[in-house]
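Here are a few worked exercises on side-chain interactions. Have the coordinates open, try each task yourself, then read the solution.

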Amino acid sequence: QVQLVESGGGLVQAGASLRLSCAASGGTRIGNAMGWFRQAPGKEREFVSAQNWAGTTYYRNSVKDRFTISRDNAKNTVDLLMNNLKPDDAAVYYCVMGNFGSLRATPSRDPEVWRYWGQGTQVTVSS
């Protein structure tokens with residue numbers, strides 16, 4: 001059974017940076033995409049970023065110029081570097097892993113189709 005464990009959340013002031021990390025273990029498969037979703041109180045879970053096995057990256061528009069996703073396929077890890085954090089970025093961030101049919105497939109932005117989820121890590125941004 002695949003397990004995803006996140007780390008790196010915390011409380012920061014607006015404008016600061018944080019790096020989230022996620023390590024996958026237990027039967028991970030070649031070809032899986034990895035990424036991040038987030039959920040703020042009272043809001044639906046939303047796509048943040050993902051990277052397919054081939055290395056192509058995807059971002060939601062509101063974080064595109066501030067967040068950077070990177071993964072190490074050999075180590076089954078994925079990081080999310082978040083710069084210039086804003087209060088709207090505050091949420092629980094979830095690491096995800098899923099298979100979308102090919103190494104170069106575009107990962108879905110629908111949370112329902114991602115198979116594996118971490119437990120989440122809290123990011124709080126004070127204004």
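**Exercise 1. Is Arg66 buried or exposed, and what does its side chain reach?**

Step 1: Start with accessibility. In this predicted model, Arg66 has a relative accessible area of 10%. The cut-off for buried is under 20%, so Arg66 counts as buried.

Step 2: Place Arg66 in the fold. It's in the loop between strand S6 (57-59) and strand S7 (67-72).

Step 3: Skipping neighbours within four places in sequence, Arg66 is in contact with Leu81, Met82, Asn83, Asn84, Leu85, Lys86 and Asp89.

Step 4: The Arg66 side chain reaches the backbone oxygen of Asn84 at 3.0 Å. Arg66 also forms a salt bridge with Asp89, with the closest N and O atoms 2.7 Å apart. That pair links distant parts of the chain: Arg66 sits in the loop between S6 and S7, while Asp89 sits in the loop between strand S8 (77-82) and S9, 23 residues apart. Asp89 is buried too, like Arg66.

**Exercise 2. Which arginines meet Glu46 in salt bridges, and how is each residue classed by accessibility?**

Step 1: Get the overall count. A search of the whole structure turns up 5 salt bridges. As background, side chains of opposite charge can pair when their charged atoms come close.

Step 2: Take the partners of Glu46. Its side chain meets Arg38 at 2.6 Å, N to O, and Arg60 at 3.5 Å, N to O. Glu46 lies in strand S5 and Arg60 in the loop between S6 and S7, so this pair ties together parts that are 14 residues apart in sequence.

Step 3: Classify the three.

- Arg38 has a relative accessible area of 4%, so it's buried.
- Arg60 comes out at 23%, so it counts as partly exposed.
- Glu46 is at 26%, so it's partly exposed as well.

Step 4: Arg38, Glu46, Arg60, Arg66 and Asp89 are linked in a network of salt bridges.

**Exercise 3. What geometry do the rings of Phe37 make with those of Phe47 and Trp114?**

Step 1: Count first. The whole structure has 5 aromatic pairs.

Step 2: Take Phe37 with Phe47. Their centres are 5.7 Å apart and their planes make an angle of 80 degrees, an edge-to-face pair. Phe37 is in strand S4 (residues 33-39) and Phe47 in strand S5 (residues 46-51), so the pair links distant parts of the chain, 10 residues apart. Both of these phenylalanines are buried.

Step 3: Now Phe37 with Trp114. Here the ring centres are 6.0 Å apart and the planes sit at 75 degrees, so this pair is edge-to-face. Trp114 lies in the loop between strand S9 (91-98) and strand S10 (116-117), so with Phe37 in strand S4 the pair ties together parts that are 77 residues apart in sequence. Phe37 and Trp114 are both buried.

Step 4: Zoom out. Ring pairs join Phe37, Phe47, Tyr94, Phe100, Trp114 and Trp117 into a cluster.

**Exercise 4. Over which ring faces does Arg45 lie?**

Step 1: Check Tyr94. Arg45 lies over its face, at 4.2 Å from the ring centre.

Step 2: Check Trp117. Arg45 lies over the face of this ring too, at 4.6 Å from its centre.

Step 3: Tyr94 and Trp117 both belong to the aromatic cluster.

Conventions
Residues are numbered from 1 along each chain as its sequence is written. This is a predicted model: local features need pLDDT of at least 70, side-chain atom pairs count only at pLDDT 80 or more; totals for chains, interfaces and linings use all residues. Side-chain values use heavy atoms; hydrogens and water are left out. Rings of Phe, Tyr and Trp (its six-membered ring) pair if their centres lie within 6.5 Å; planes under 30 degrees apart count as stacked, over 60 as edge-to-face and the rest as tilted. Helices (H or I, at least four residues) and strands (E, at least two) are DSSP runs, numbered from the N terminus. Buried means under 20% relative accessible area, exposed over 50%, partly exposed in between (1.4 Å probe, protein chains only). A charge sits over a ring if NZ of Lys or CZ of Arg is within 6 Å of the ring centre and within 35 degrees of the ring normal. A polar contact is a pair of N or O atoms within 3.5 Å; within protein, one must be able to donate a hydrogen and the other to accept it, and residues adjacent in sequence count only if both atoms are side-chain atoms. Contact means heavy atoms within 4.5 Å. A salt bridge is a side-chain nitrogen of Lys or Arg within 4 Å of a carboxyl oxygen of Asp or Glu.
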